[in-house]
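Hello,

Here is the structure I promised to pass on to you. Please have a look at it first, and then read my notes below.

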Amino acid sequence: TEETPVVSTLGLTAGYGAAPVLKDVSLKVRQGEMVALLGANGAGKSTFLSALSGLHRPVSGTIILNDEQVQTLQPHELVGRGLVLVPEGRQVFPELTVLENIELGAYNRRSEMSRSEIAAHLDRFPRLKDRLSSRAGLLSGGEQQMMAIARGLMARPKVLLLDEPSLGLAPAMIDELYAILGELRDAGITILLVDQVATMALAVADYAYVLEQGRIVFEGKAADLASDPRLTTAYLGGG
Ligand code: ATP
């Protein structure tokens, strides 16, 4: 049902040495929602996504994906269950074509990859459609980000995790990218994204959490947070 989260964490604590970077983080993403995890540089956003996708073992706490505890699973097992990360920096293969980069997203089920599925995804990314045979390294930063998202969709995510999709992009490109993310959400794709720049994320997301020094300090409907005077630009890293 709508009430059951697709993915949630309960009391997640994680770090790299003695001092935890994430402290007792509890968060929920419901089916069809776009949830934003916001916070300044170094707040722990990437560490959260790494923990969620099995790349970094939490010290304590649970991660529940579709009613199953998954905090001990390996990254590929989580991808197989529909938790798909589009990492910061996008992991573009610059010498491969745009189409080849996108096809790599279906590596976990190559035999059933279909042209019509790719075509359906590409309808949402008109900028990529005309450039499928270009070398990916020739795309702009925003186009590369779109390509990385298209690749993530090829894995048929139950939840798409996006790490700083707007990083380094010009404002007009950020608007365009978030418009596409909103369309994906409206088409039923569940999205959890982290971003340092809150303005667009709060304009498009349904719900948001603010992370400060590893702890959730605010959460609420995105529209409410957007107009909350406590969320100064200092909290939200500008924007
Ligand atoms: P950014 O926007 O810079 O990615 P963030 O909110 O995603 O910030 P994290 O990357 O999760 O934050 O980093 C949180 C803290 O953990 C920082 O103090 C960082 O220096 C530290 N950290 C991150 N990765 C490692 C690592 N591999 N080893 C040790 N410390 C790390």
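Four strands form an open sheet in the order β2-β1-β4-β5, with antiparallel pairing. Two strands count as paired if DSSP finds at least two bridges between them. Strands (E, at least two residues) and helices (H or I, at least four) are DSSP runs, numbered from the N terminus. At the edges stand β2 (20-30) and β5 (68-69), each with a single partner strand, so one side of each is left without a neighbour in the sheet.

Before going further, a word on the source: this is a predicted model, in which local features need pLDDT of at least 70 and side-chain atom pairs count only at pLDDT 80 or more, while totals for chains, interfaces and linings use all residues. Residues are numbered from 1 along each chain as its sequence is written, and side-chain values use heavy atoms, with hydrogens and water left out.

Back to the sheet. Five bridges join strand β1 (residues 5-15) to strand β4 (residues 60-65) in the antiparallel sense. In this pairing, Thr9 stands opposite Ile63 in β4. Helix α1 (residues 45-52) packs on the sheet and touches β1, β2 and β4, where contact means heavy atoms within 4.5 Å. The direction of α1 makes about 115° with that of β1; axes are lines fitted to C-alpha atoms, for helices over the stretch in contact, and angles run from 0 to 180 degrees between N-to-C directions.

Now to the charged side chains. The structure holds nine salt bridges, each being a side-chain nitrogen of Lys or Arg within 4 Å of a carboxyl oxygen of Asp or Glu. One of them links Lys129 and Asp123 (2.5 Å, N to O). Lys129 is partly exposed, at 41% relative accessibility; buried means under 20% relative accessible area, exposed over 50%, and partly exposed in between (1.4 Å probe, protein chains only).

Another joins Glu176 and Arg127 (2.4 Å, N to O). Glu176 lies in helix α7 (residues 171-186) and Arg127 in helix α5 (residues 126-129), so this pair ties together parts that are 49 residues apart in sequence. Glu176 is partly exposed at 28%, and Arg127 is partly exposed at 33%.

Finally, salt bridges that share partners join Arg127, Arg131, Glu143 and Glu176 into one network.

Best wishes
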